[in-house]
Amino acid sequence: MAAIIMDGKKTAAYVRQKVKEKCLLLKKEKGIVLGLAVILVGDDNASQIYVRNKAKACEEVGINSKQYTLPANTGQEELLKLIDTLNKDDKINGILVQLPLPKHIDEKEVIKAIDPKKDVDAFSNENIGRMFCGDMICSPCTPSGILEMLDYYKIDVRGKHCVVIGRSAIVGKPMAMMLLNRDATVTVCHSKTKDLPHICRQADILVVAVGKPKMITCEYVKPGAVVVDVGINRDENGKLCGDVDFESVKETASYISPVPGGVGPMTIAMLLNNVCNTVN
Ligand code: NDP
């Protein structure tokens, strides 16, 4: 039987509606309009699209988004000064610096400069540390979006063997920790992992964040497993695709997230949710 498709657009719409309701309530009861500052340095095309999409999503739920577009040759000190100003600005609840930054700027220093309470990407050391303790203010958007999607489809991770392929700081590692916080048994795989298909076939839930088009075929999937595809790639025809070979795996899995329309929309929805979570 073909897998149930986990619809990221539908799930994200549900999250955005909840955020919208919270924004309305905050405005009505406390006169608060949430504000998100989005900083873009340089003119990278993909980053411009991401920033535009984030601004549009904010607008739709009633978050006031303010964009700061700085030229590619902006110095690190100038960027840190802007962050300092935004840290002190009461009307700004969240600060997001669109990555990657130009090479002459140290990303770690920039992330460190953001007030952890306004770090809506949850990239700061404090928020990473909080994740280890299971005491988060904000959670990284992509992994928390995946958990939200699993919840929406009533897929309980507790006691399940979850295999995460990829160990990046923004997806794989936080995903593993957040699954562990939810009582899953977690295996993390990466480019040096031996016999990847064998390990993957033991997964009840397989989360794939590799960045290799259609790498995961049904050979990697246990019949009935849940498969979450984080990848965003272009196939040989330039068409958007994930890390999972959707057409073959959907015949083996019980649930599968598509690309596009799976994890991607959840990431932005969780960003909005994080902005909301900055106020109690
Ligand atoms: P990175 O390139 O930072 O990490 C990729 C990971 O995959 C690394 O840990 C790497 O291992 C591992 N890997 C690479 N090749 C193999 C292999 N052959 N076998 C096993 N593991 C391998 O990528 P990201 O985590 O940032 O992103 C992954 C994908 O997800 C990309 O396609 C990206 O575009 C997409 N993405 C999607 C988002 C969304 O909202 N849907 C958000 C963020 C990312 P090693 O550490 O050993 O190098």
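1. A quick definition to start: a salt bridge here is a side-chain nitrogen of Lys or Arg within 4 Å of a carboxyl oxygen of Asp or Glu. Glutamate 251 and lysine 250 meet that rule, with their side chains 3.6 Å apart, N to O. Glutamate 251 is partly exposed at 47% relative accessible area, while lysine 250 is buried at 18%. (Buried is under 20% relative accessible area, exposed is over 50%, and partly exposed is in between, with a 1.4 Å probe and protein chains only.)

2. Before going on, keep in mind that this is a predicted model, where local features need pLDDT of at least 70 and side-chain atom pairs count only at pLDDT 80 or more, while totals for chains, interfaces and linings use all residues. Residues are numbered from 1 along each chain as its sequence is written, and side-chain values use heavy atoms, with hydrogens and water left out.

3. The salt-bridge count comes to 12. One of them joins glutamate 148 to lysine 18, with the closest N and O atoms 3.7 Å apart. Glutamate 148 sits in helix H6 (residues 141–152) and lysine 18 in helix H1 (residues 8–30), so this pair ties together parts that are 130 residues apart in sequence. (Helices are DSSP runs of H or I, at least four residues, and strands are runs of E, at least two, numbered from the N terminus.) Glutamate 148 is buried at 18%, and lysine 18 is partly exposed at 40%.

4. Aspartate 183 and arginine 158 make another salt bridge, 3.5 Å between the closest N and O atoms. Aspartate 183 is in the loop between helix H7 (172–181) and strand S6 (185–189), and arginine 158 is in the loop between H6 and strand S5 (161–165), 25 residues apart. Aspartate 183 is partly exposed at 44%; arginine 158 is exposed at 59%.

5. There's also a salt-bridge network, linking Glu126, Arg130 and Asp135.

6. Now the ligand. Of the 22 residues around the ligand (a heavy atom within 4 Å), Arg167, Ser168, Ser191, Ile232 and Thr267 come nearest. Helix H10 (residues 263–277) gives the largest share of this shell, three residues.

7. Which atoms does arginine 167 bring to the ligand? A polar side-chain atom of arginine 167 lies 2.7 Å from a ligand oxygen. Lysine 212 has a polar side-chain atom 3.2 Å from a ligand nitrogen, and a polar backbone atom of isoleucine 232 is 3.0 Å from a ligand oxygen. The protein covers 70% of the 930 Å² of accessible area that the ligand has on its own (Shrake-Rupley method, 1.4 Å probe).

Definitions and conventions
A polar contact is a pair of N or O atoms within 3.5 Å; within protein, one must be able to donate a hydrogen and the other to accept it, and residues adjacent in sequence count only if both atoms are side-chain atoms.
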